[in-house]
Amino acid sequence: MKKLLLILFLTISSTLFAQLPKSLLVPVTKVTEFDDYKGSIYSKINYKESSVIDEQSGTYTAKLKYNIYNDALEHSSDSETFEITKQTTVHARINDSYFYYCNFKDQYGTPRNGYYILVELTHKYSIYKKLTLEINHPQEKSTISASSVPPKPGSLKVITTYYLEEAGVIVELPKNKKNMLATFSDKEIELKKYLKKEKIRFGKEEDLIRFVARYNALKSSDSIPASLLGNILSRN
């Protein structure tokens with residue numbers, strides 16, 4: 001699957017790789033307020049050699065890292081910090097992660113714009129994951145007595161959430177068996193058997209992909225194949 005994504009990514013433009021143009025960069029102020037926290041606001045600490053594709057002009061190389069806090073693809077040049085312009089026609093590949101800026105809506109019609117990492121792509125649906133931060137601020141010294149243990153430092157924890165997307169609508173994929181079966185309740189009996197047979201663990205990305213593929217296969221075998229998200233959307 002990763003090979004397919006790479007081919008799709010690199011064949012959007014026939015332009016040879018070139019340096020990133022300033023038209024795709026927006027100056028930003030570097031975030032420093034979490035420097036003393038345990039953890040990082042970045043998915044990876046260091047900048048990585050990456051590919052940026054602007055569907056309008058071509059393919060470029062740049063060193064990037066994903067700023068989870070700002071939901072931005074960050075670039076540094078001459079001691080200045082920039083982010084890649086947030087447009088649905090501009091994408092990036094950092095290592096094996098494919099970042100797309102998307103204007104999605106959830107099942108309630110609420111906009112869910114932002115960067116999503118493409119995990120699985122089929123002709124009918126896609127699976128994306130999104131990174132967010134759980135921020136725990138440091139304990140104030142004034143709230144503890146002098147004899148207590150030292151105050152807890154601030155910490156940052158990366159949260160990964162998976163989404164099933166169809167026709168621009170996304171639904172969050174639960175992380176446990178009970179909620180997952182409730183989400184796809186129209187095929188609950190068949191999926192229960194599949195989970196037991198294949199020993200699916202929803203904490204594993206590969207198993208999550210397999211589960212959704214099985215649900216899609218079950219839906220496709222219906223006499224009148226329905227939308228993959230139809231069962232979910234009809235309940236809202």
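This is a predicted model: local features need pLDDT of at least 70, side-chain atom pairs count only at pLDDT 80 or more; totals for chains, interfaces and linings use all residues.

**Salt bridges and nonpolar cores**

A: Glu 198, Asp 207 and Arg 210 are joined to one another in a network of salt bridges. In total, the structure contains nine salt bridges.

One of these pairs Lys 30 with Glu 74, whose side chains meet at 3.8 Å, N to O. The surroundings of the two partners may be described in turn. Lys 30 has a relative accessible area of 41% and is therefore partly exposed. Glu 74 counts as buried because its relative accessibility is 3%, and the cut-off for that term is under 20%.

A further salt bridge is formed by Lys 130 and Asp 71, with 3.4 Å between their closest N and O atoms. Here too distant parts of the chain are linked, the separation being 59 residues. Lys 130 is located in strand E10 (residues 126-136), and Asp 71 in the loop between strand E4 (58-67) and E5. Both of these residues, Lys 130 and Asp 71, are buried.

Arg 112 and Asp 106 provide another example, their side chains meeting in a salt bridge at 3.1 Å, N to O. Arg 112 is partly exposed, because its relative accessible area is 41%. Asp 106, with a relative accessible area of 10%, is buried.

The nonpolar residues complete this view. In soluble globular proteins, nonpolar side chains tend to be buried together. The largest nonpolar core in this model comprises 27 residues, and those with the most contacts inside it are Leu 20, Val 52, Leu 73 and Ile 84. At least two residues of this core come from each of E4, strand E6 (80-84), strand E7 (90-94), strand E8 (97-106), strand E9 (111-121) and E10. E4 supplies the largest share, namely four residues.

When its neighbours within four places in sequence are left aside, Ile 84 is in contact with Leu 20, Leu 24, Leu 25, Val 52, Leu 64, Leu 73, Val 90 and Tyr 115. There is also a second, separate core, which has 24 residues, among them Leu 181, Phe 202, Tyr 215 and Ile 232.

Conventions:
Residues are numbered from 1 along each chain as its sequence is written. Side-chain values use heavy atoms; hydrogens and water are left out. A salt bridge is a side-chain nitrogen of Lys or Arg within 4 Å of a carboxyl oxygen of Asp or Glu. Buried means under 20% relative accessible area, exposed over 50%, partly exposed in between (1.4 Å probe, protein chains only). A nonpolar core is a set of buried Ala, Val, Leu, Ile, Met, Phe, Trp, Tyr and Cys residues joined through side-chain atoms within 4.5 Å. Contact means heavy atoms within 4.5 Å.
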